[in-house]
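I opened this model to look up its strands, its cores and its charged pairs. My entries follow in the order in which I made them.

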Amino acid sequence: MKVLVLNGPNLARLDIRDSKHYGDLNWQQLVDLISNSAKELGFEADIRQSDDEATLVGWLHEAADSNTPVIINPAAFTHYSI
């Protein structure tokens, strides 16, 4: 089974953000962690990140149309929408 894992604004820039708040992982390490954890649980993670709300909504529509489960971390979109 495939699961779509969506990440919102700024998560691809984890390594330049304050590690006290955001942890020590960079984006690639986070992707690797999610991928490896998914494999251990018996599924494939399709991991995507965008700073653009319209792109994220498009991916959600794509997942809905294909009945693909979604895990989303909307990141800064939990605070505001531009």
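The notes below go from the whole chain to single residues.

**Ground rules.** I am working from a predicted model, in which local features need pLDDT of at least 70 and side-chain atom pairs count only at pLDDT 80 or more, while totals for chains, interfaces and linings use all residues. Residues are numbered from 1 along each chain as its sequence is written, and side-chain values use heavy atoms, with hydrogens and water left out.

**Entry 1, overall layout.** I counted three helices and three strands in the chain. I took helices (H or I, at least four residues) and strands (E, at least two) as DSSP runs, numbered from the N terminus. Read from the N terminus, the order is β-α-α-β-α-β. The C-alpha atoms fill a box of roughly 35 × 35 × 15 Å along the principal axes. I noted an accessible surface of about 5500 Å² for the chain, with 51% of it belonging to carbon and sulfur atoms. Accessible areas come from the Shrake-Rupley method with a 1.4 Å probe, and for residues only the protein chains shown count as cover. Of the 82 residues, 29% are buried. Here buried means under 20% relative accessible area, exposed means over 50%, and partly exposed lies in between (1.4 Å probe, protein chains only).

I also looked at contacts, meaning heavy atoms within 4.5 Å. Among those between residues at least 6 apart in sequence, 69% join residues at least 24 apart.

**Entry 2, the strands.** I next checked how the strands pair, which requires that DSSP find at least two bridges between them. β1 and β2 are parallel and share six bridges. In that pairing, Lys2 has Glu44 of β2 as its bridge partner. β1 also runs parallel to β3, with four bridges between them. Five of the six residues of β1 are buried, so I wrote this strand down as mostly covered.

I then picked out Asn7, which sits in β1. Asn7 is buried, at a relative accessible area of 4%. Leaving aside neighbours within four places in sequence, Asn7 is in contact with Trp27, Ile47, Arg48, Gln49, Ser50, Leu56 and Asn73.

Which residues make up the largest nonpolar core? I listed 11: Val3, Val5, Leu11, Leu14, Trp27, Leu30, Val31, Ala38, Ala45, Ile47 and Ala75. At least two residues of this core come from each of β1 (2–7), α2 (27–40) and β2 (44–49). With four residues, α2 gives the most to it. Apart from this core lies another of six residues, among them Leu6, Leu56, Trp59 and Ala63. A nonpolar core is a set of buried Ala, Val, Leu, Ile, Met, Phe, Trp, Tyr and Cys residues joined through side-chain atoms within 4.5 Å. As background, nonpolar side chains tend to be buried together in soluble globular proteins.

I found two salt bridges in the structure, each being a side-chain nitrogen of Lys or Arg within 4 Å of a carboxyl oxygen of Asp or Glu. Asp46 and Arg48 form one, at 2.8 Å from N to O. Glu62 and Arg48 form a salt bridge with their closest N and O atoms 3.0 Å apart. This pair links distant parts of the chain, Glu62 being in helix α3 and Arg48 in strand β2, 14 residues apart. Shared partners join Asp46, Arg48 and Glu62 into one network. Is Arg48 buried or exposed? I have Arg48 as buried, with a relative accessible area of 18%, whereas Glu62 is partly exposed at 39%.

Asn67 lies in the loop between α3 (53–65) and β3. Asn67 has a positive phi of about 55 degrees although it is not a glycine. Most residues other than glycine have a negative phi. Asn67 is exposed, at 69% relative accessible area.

Pro69 is in the loop between α3 and β3 too, and is partly exposed at 32%. I noted that Pro69 and Lys2 are 67 residues apart in sequence, yet 7.5 Å apart from C-alpha to C-alpha. Not counting residues up to four places away in sequence, Pro69 touches Met1, Lys2, Val3 and Leu4.
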